[in-house]
Amino acid sequence: MFRTPASLYRVLAIAELFSWTLLIGGLIIRAVGGPAIAVTIGGGIHGFVFLSYGATAILVALNNRWRLGVAVLAVVSAIVPYATLPMEIWLRRTGRLDGRWRLDETDDPRDRRPIDRMLRWSLRHAGILVALIVVAVVALYVTLLILGPPGGR
């Protein structure tokens, strides 16, 4: 399904759009006198998708060798409602989402760096990579739930 970094990135960018809609919808429901659980549900889904999008942006940034500023901008785009899709469009138009997963070493000297070796190993063992990302996202998500919502209760 995700044969290219572009396909994975696009799915998470769109999922982030839907999660923003759920969160904003929950806020509207609560504001008009509806149950506060709407914000809890929408916010919970949005939080999980937000973290998943961030992890995906970092993975694709490493694979496609984006400059640090581009990688940070991609992650930060999730903070602004509905900004992940324009970010994906810009990345695609500028060629930053071109290419395949870097599974094999090339003549490029950067391929000998430890981070690139680890990335290639992880991509060749996709099941382990996905499991590690899911565990990291869930651990961070649970930690943030324990700390409480932004702005306090």
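Helix α2 (residues 37-64) packs against helix α5 (residues 114-124) at an angle of about 115 degrees, and their axes are 10 Å apart. This is a predicted model, in which local features need pLDDT of at least 70, side-chain atom pairs count only at pLDDT 80 or more, and totals for chains, interfaces and linings use all residues. Residues are numbered from 1 along each chain as its sequence is written, and side-chain values use heavy atoms, with hydrogens and water left out.

**Helix packing**
- Helices are DSSP runs of H or I with at least four residues, numbered from the N terminus.
- Axes are lines fitted to C-alpha atoms over the stretch in contact, and angles run from 0 to 180 degrees between N-to-C directions.
- L59, L62 and N63 in α2 meet I115, L119 and L123 in α5, where contact means heavy atoms within 4.5 Å.

**Positive phi values**
- Most residues other than glycine have a negative phi.
- R65, which is not a glycine, has a positive phi of about 55 degrees and is in the loop between α2 and α3 (68-76).
- R65 is partly exposed at 22% relative accessibility, a class between buried (under 20% relative accessible area) and exposed (over 50%), with a 1.4 Å probe and protein chains only.
- Y82 also has a positive phi, near 65 degrees, and lies in the loop between α3 and α4 (84-93).
- Y82 is partly exposed, at 36% relative accessibility.

**Residue V142**
- V142 is in helix α6.
- With a relative accessible area of 38%, V142 is partly exposed.

Note on methods
Helices (H or I, at least four residues) and strands (E, at least two) are DSSP runs, numbered from the N terminus.
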